[in-house]
Amino acid sequence: PSSKFPSTPPGTEANMALKVSEERCSMILDNIQDGYYEVDLDGNYTFFNEGLLRITGYSREEMLGMNNRRIVDELNNRKVFKAFNQVFLTGVPAHAFDWECIRKDGSRRFVEVSVTLKRDVKGRPTGFMGIARDITERKLAERTLRESEERYRTIIENIQDGYYEVDLDGNYTFFNEGLLRITGYSREEMLGLNNRRIVDEFNNQKVFRVFHQVYLTGVPAHAFDWECIRKDGSRRFVEVSVTLKRDIYGNPAGFMGIARDITERKRYQAELEAKENELKQKNQSLEEANTALNVLMKKMEEHRAACEETLRDNLNKVAMPCLQRAKEKIKDKAAVDHLRLLEESLGSVFAPYPHSLAAEFPRLTSTEIDVANFIVQGKRTKEIADVLNVTPKAIEVHRNNLRRKFGLTNQKTGLRTHLLALR
């Protein structure tokens with residue numbers, strides 16, 4: 001019977017299925033971001049996808065038949081040969097080995113490559129195939145991180161202060177030379193050492209409270225101090241900062257911070273406090289002595305005033321009346337004048353002026369003070385000489401001395417005027 005459709009030749013369906021499978025594989029390979037390659041046993045590219053062309057920068061025509069040595073330098077060529085040769089000898093695929101590829105424009109990219117041995121239908125090696133992934137960005141990030149870590153480690157190792165990291169149990173996991181100088185332990189002894197080993201019970205409780213507070217709140221602690229016991233048993237004061245360490249998921253993983261040796265500062269503070277206390281005690285003693293001296297001076301002044309009052313009372317009640325009666329009985333004018341001068345002199349004994357003059361001008365002699373007092377009273381040279389029982393010439397000498405000591409030499413200011421101004 002006739003058929004509406006022509007019959008299918010034998011094997012045609014299998015060929016079509018194979019073609020569809022190949023097209024599907026080709027589409028997959030051309031759309032993946034990674035590079036796919038196949039090379040013969042000499043390293044010549046026989047098949048590849050668009051991903052490999054993006055990595056190398058060559059066109060499809062340039063890449064086909066190109067030898068792998070064209071895109072590597074000598075160092076990486078040896079590295080590639082060693083890996084491919086190992087796969088050839090053992091038949092065991094190589095996974096994720098990396099090398100540096102030289103692109104068509106001369107720039108370089110890091111690639112991570114897998115290698116599998118290709119065999120023919122009889123199992124004989126015919127070449128290699130695998131996946132090439134551009135890991136340049138990752139390599140650069142790793143290099144940047146490595147350089148950052150190295151720079152960080154260099155800084156940490158060169159600072160004078162101690163840097164530490166401990167786990168949640170207080171075991172030291174990382175530290176610098178500064179911390180070893182503070183504690184006196186070697187690096188091998190310090191690694192894994194628990195923080196309780198370098199503190200006494202009192203300081204251990206203090207440290208625990210601070211670290212526990214940081215753990216609960218996540219808020220760093222700054223500049224709290226405690227006493228550290230060194231390996232040799234000596235003690236040092238340290239000022240410590242504490243920050244909570246977290247893992248990549250944000251969970252608490254330990255603590256880190258800076259430890260500064262403040263032993264000398266503590267010693268200076270103690271010495272300063274001792275000096276301040278000593279000064280306070282001395283100041284208190286001086287204040288007490290000053291109070292006692294003021295009391296004594298007040299009593300002496302009261303005693304002096306009492307004595308002066310007694311003397312003045314006796315003078316007024318005894319001496320002055322006698323002088324008055326003598327003046328009334330004596331008729332000789334010269335004698336009366338002498339008695340009057342004597343009466344005036346006795347009256348000036350308790351005047352404040354001579355005392356203040358003596359206190360203000362300690363270079364004045366007692367005779368010069370007497371002469372100055374008479375001058376203030378308006379006495380003439382002869383009257384002063386008669387009272388003091390000296391010659392008028394001697395009084396003139398005292399006058400000149402007074403002018404010199406008061407700085408009145410070669411000045412027109414009168415001596416009495418000057419003395420009155422000092423009252």
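Which residues make a nonpolar surface patch of about 410 Å²? The patch is formed by Leu293, Leu296, Met297 and Met300. Patches are built from residues with over 30% relative accessible area and no salt bridge; like charges are joined within 9 Å, and nonpolar side chains (Val, Leu, Ile, Met, Phe, Trp, Tyr) within 5 Å. Accessible areas come from the Shrake-Rupley method with a 1.4 Å probe, and for residues only the protein chains shown count as cover. Leu296 sits in helix α9, residues 263–329. Helices (H or I, at least four residues) and strands (E, at least two) are DSSP runs, numbered from the N terminus. Leu296 is partly exposed, at a relative accessible area of 45%. Buried means under 20% relative accessible area, exposed over 50%, and partly exposed in between (1.4 Å probe, protein chains only).

The model is predicted: local features need pLDDT of at least 70, side-chain atom pairs count only at pLDDT 80 or more, and totals for chains, interfaces and linings use all residues. Residues are numbered from 1 along each chain as its sequence is written, and side-chain values use heavy atoms, with hydrogens and water left out.

Tyr37 belongs to strand β1, residues 35–40. Tyr37 has a relative accessible area of 4%, so it is buried. Setting aside neighbours within four places in sequence, its contacts (heavy atoms within 4.5 Å) include Tyr45, Leu52, Val113, Met129 and Ile131. Phe128 is another contact of Tyr37. Tyr37 and Phe128 are 91 residues apart in sequence, yet their C-alpha atoms are 8.2 Å apart in space. Together with Phe84, these two residues form one aromatic cluster. The side chain of Tyr37 also reaches the backbone oxygen of Ser114, at 2.8 Å. This falls under polar contacts: pairs of N or O atoms within 3.5 Å; within protein, one must be able to donate a hydrogen and the other to accept it, and residues adjacent in sequence count only if both atoms are side-chain atoms.

Asn49 lies in the loop between β2 (45–48) and α2 (50–56). Asn49 has a relative accessibility of 0%, so it counts as buried. Its side chain reaches the backbone oxygen of Asp34 at 3.1 Å. A polar atom of the Asn49 side chain also lies 3.1 Å from the backbone nitrogen of Leu52. Asn44 is in the loop between β1 and β2. The side chains of Asn44 and Asn67 make a polar contact at 2.9 Å. Beyond residues up to four places away in sequence, Asn44 touches Glu38, Val39, Gly65, Met66 and Asn67.

The whole structure holds 6 aromatic pairs. Rings of Phe, Tyr and Trp (its six-membered ring) pair if their centres lie within 6.5 Å; planes under 30 degrees apart count as stacked, over 60 as edge-to-face and the rest as tilted. Tyr36 and Phe47 are edge-to-face, because their planes stand at 65°, with ring centres 6.0 Å apart. This pair links distant parts of the chain, 11 residues apart: Tyr36 is in strand β1 and Phe47 in strand β2. Tyr36 is buried at 11% relative accessibility, whereas Phe47 is partly exposed at 34%. Phe211 and Phe255 are also edge-to-face, with centres 5.0 Å apart and planes at 70°. Phe211 is in helix α8 (residues 201–217) and Phe255 in strand β10 (residues 252–261), so the pair ties together parts 44 residues apart in sequence. Both of these phenylalanines are buried.

Side chains of opposite charge can pair when their charged atoms come close. The structure holds 31 salt bridges, each a side-chain nitrogen of Lys or Arg within 4 Å of a carboxyl oxygen of Asp or Glu. One of them joins Asp98 and Lys139, at 3.3 Å from N to O. Asp98 is in strand β3 (residues 94–102) and Lys139 in helix α5 (residues 136–158), 41 residues apart. Asp98 is partly exposed at 22%, and Lys139 is partly exposed at 22%. Asp134 and Arg109 meet in a salt bridge at 3.0 Å, N to O. This pair links strand β5 (residues 125–134) to strand β4 (residues 108–119) across 25 residues. Glu239 and Arg265 form a salt bridge with closest N and O atoms 2.6 Å apart. Glu239 is in strand β9 (residues 235–246) and Arg265 in helix α9, 26 residues apart. Arg265 is partly exposed at 37% relative accessibility. Asp73, Glu100 and Arg108 are linked in a salt-bridge network.
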